[in-house]
Amino acid sequence: MAEALLQAIISGLAVGGAYALVALGFSITFTTTKTLNFSHGEFVSAGAFVGMSALFLILGIPVTATSFGGALPSATSQLLALAGVLAAMGVLGWLLYIVGVRPFAGRPGMAWVMSTLGFGVVLQSIGLAIWGPKPVVVPSPVGDAVIRYLGVGVRPQELLTLGVAIAVMIVFERVMNHTMVGKAMRAVAANGNVASLMGINTQAMMIGAFVVSSALAGLSGFLLAPIAQASLFMGLAVGLKGFSGAMIGGLGNPRGCVIGGFVLGVFESLVNLWQAQWREVAVFALVILVLAFRPTGLFGRKLVEKV
């Protein structure tokens, strides 16, 4: 029983790492622009397929293929594909802000909600037209041999996902607290009008927030593809769980969002160990329970309105 419990915790941390990256992306756009990308899940799927297509191009396989045919990309190929994913998803994030958010942000109503949802539908439809609905098995950059220790088996890709999520969290913390860019982003998040008067380019900060957020979604998809296969529908669940993790941790607290993603991943894995059919019920019951007692999340700050 102890081995099964440890196995569930390790697997939950690995999946939670992907949720944490998505949750951090939600937090970045919310704290900077007070808007959210409701097509974030589709960006996760897009990241997986952009990475897969980059590997196809490097290996000389048609982009529309649905199998690697036994070909194994080298570490260099994987790094080049990852760079392509981050760049392509960053451009998509910029395009989303220009087309789907900026024209509606600050206006009465929530038109930007529908525009971001519509952007995701368009993105998914384009993907279906190019690759079709069939999932694709993507080779892992660190191999598929299971590592066993103390009776617990873990795939190298799961450890890689966990390590990358922790590394991203540490780097983001340092950037936000020890660089001028981070201080500028925090100033825009606190009060965009005052930040603009102080000479900060608020538009550049907002664009940067969507670029970074989309790149994180792409990174999550790239890391999850060798674990769960690349599918144009994989991002829906990941995006929803990532958003749930952000709500648990506190949408306005980046560190809390990351912790919320890890907590949700471990909790989901433990429930799956107990009764798999109750997993989704338990996960969202936890979200509702947390928000019932802490509307701003476990690490969120209470909002105070001055009149």
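This is a predicted model: local features need pLDDT of at least 70, side-chain atom pairs count only at pLDDT 80 or more; totals for chains, interfaces and linings use all residues.
Next select residues 256-275, where the span is 95% helix and 0% strand and the end C-alpha atoms lie 28 Å apart.

Now turn to a pair of helices. Two packed helices are described by the angle between their axes and the distance between the axes. Select helix α2, residues 40-59, together with helix α9, residues 234-249, and you will find them packed at an angle of about 130°, with 7 Å between their axes. That angle makes α2 oblique to α9, and the crossing in which α2 passes α9 is right-handed. To see what makes the contact, show Gly41, Val44, Ser45 and Ala48 on α2, and Met234, Gly235, Leu236, Val238 and Gly239 on α9. Of the residues in this contact of α2 with α9, five are nonpolar and four are polar, while none is charged.

Finally, visit two loops. In the loop between α1 (2-33) and α2, select lysine 34, whose phi is near 60°, a positive value in a residue other than glycine. Lysine 34 has a relative accessible area of 48%, so it counts as partly exposed. Then move to the loop between α8 (202-228) and α9 and select glutamine 229, where phi is near 70°, again a positive value in a residue other than glycine. Glutamine 229 is partly exposed, with a relative accessible area of 33%.

Notes. Residues are numbered from 1 along each chain as its sequence is written. Side-chain values use heavy atoms; hydrogens and water are left out. Helices (H or I, at least four residues) and strands (E, at least two) are DSSP runs, numbered from the N terminus. Axes are lines fitted to C-alpha atoms, for helices over the stretch in contact, and angles run from 0 to 180 degrees between N-to-C directions. Angles under 35 degrees count as roughly parallel, over 145 as roughly antiparallel, 65 to 115 as roughly perpendicular and the rest as oblique. A crossing is left-handed if the near helix is turned anticlockwise from the far one by less than a right angle, and right-handed if clockwise. Contact means heavy atoms within 4.5 Å. Ala, Val, Leu, Ile, Met, Phe, Trp, Tyr, Cys and Pro count as nonpolar, Asp, Glu, Lys and Arg as charged, and the others, Gly among them, as polar. Buried means under 20% relative accessible area, exposed over 50%, partly exposed in between (1.4 Å probe, protein chains only).
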